[in-house]
Amino acid sequence: LSKSTRDYDRDTKFFLYRSIPSLREYLLVDSTERLVELFSRHPDNSWRLTEYKNLTDSVTIQSIGLALQLEHIYQGAGL
């Protein structure tokens, strides 16, 4: 996320992406602060937001079987 696109990415773009039946997760990585947001679709079609802020946090993206540590995501970013 950048300052210029953050509102669009969180609102309009996510609204449009939610209409894609096969979309299971939507990941946003902030470039101005240490914040990763993972939106996950549940069987009842509702969405759950999980926020990650600590360098020791690990984000698991179930749909592709990948775990990412914030320490690696933000390595060299100065955040």
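Which residues are exposed on the other side of α1? The legends below answer this and describe further views.

**View 1. Overall fold of the protein chain.** This is a predicted model, in which local features need pLDDT of at least 70 and side-chain atom pairs count only at pLDDT 80 or more, while totals for chains, interfaces and linings use all residues. Residues are numbered from 1 along each chain as its sequence is written, and side-chain values use heavy atoms, with hydrogens and water left out. The protein chain has two helices and five strands, in the order α-β-β-β-β-β-α from the N terminus. Helices (H or I, at least four residues) and strands (E, at least two) are DSSP runs, numbered from the N terminus. The C-alpha trace spans about 35 × 30 × 15 Å along its principal axes. Of the 79 residues in the protein chain, 28% are buried; buried means under 20% relative accessible area, exposed over 50%, and partly exposed in between (1.4 Å probe, protein chains only).

View 2. R6, D9 and F14 are the buried residues of α1. Seen down the axis of α1, these buried residues fall within an arc of 70°, so they line one face of the helix. The arc is that of the directions from the helix axis to the C-beta atoms. The buried residues of α1 pack against β1 (25–29), β2 (36–41) and β3 (47–52). On the other side of α1, D7 and F15 are exposed.

**View 3. A nonpolar patch around F15.** F15 lies in helix α1 (residues 6–17) and is exposed, with a relative accessible area of 54%. Together with Y8, L16, Y17 and I20, F15 forms a nonpolar patch on the surface, with about 490 Å² of accessible area. Accessible areas come from the Shrake-Rupley method with a 1.4 Å probe; for residues, only the protein chains shown count as cover.

**View 4. The surroundings of E37.** E37 belongs to strand β2 and is buried, with a relative accessible area of 6%. The side chains of E37 and R10 are joined by a polar contact of 3.0 Å. A polar contact is a pair of N or O atoms within 3.5 Å; within protein, one must be able to donate a hydrogen and the other to accept it, and residues adjacent in sequence count only if both atoms are side-chain atoms. Leaving aside neighbours within four places in sequence, E37 is in contact (heavy atoms within 4.5 Å) with residues including L1, Y26, L49 and T50.

Key:
Patches are made of residues with over 30% relative accessible area and no salt bridge: like charges are joined within 9 Å, nonpolar side chains (Val, Leu, Ile, Met, Phe, Trp, Tyr) within 5 Å. A salt bridge is a side-chain nitrogen of Lys or Arg within 4 Å of a carboxyl oxygen of Asp or Glu.
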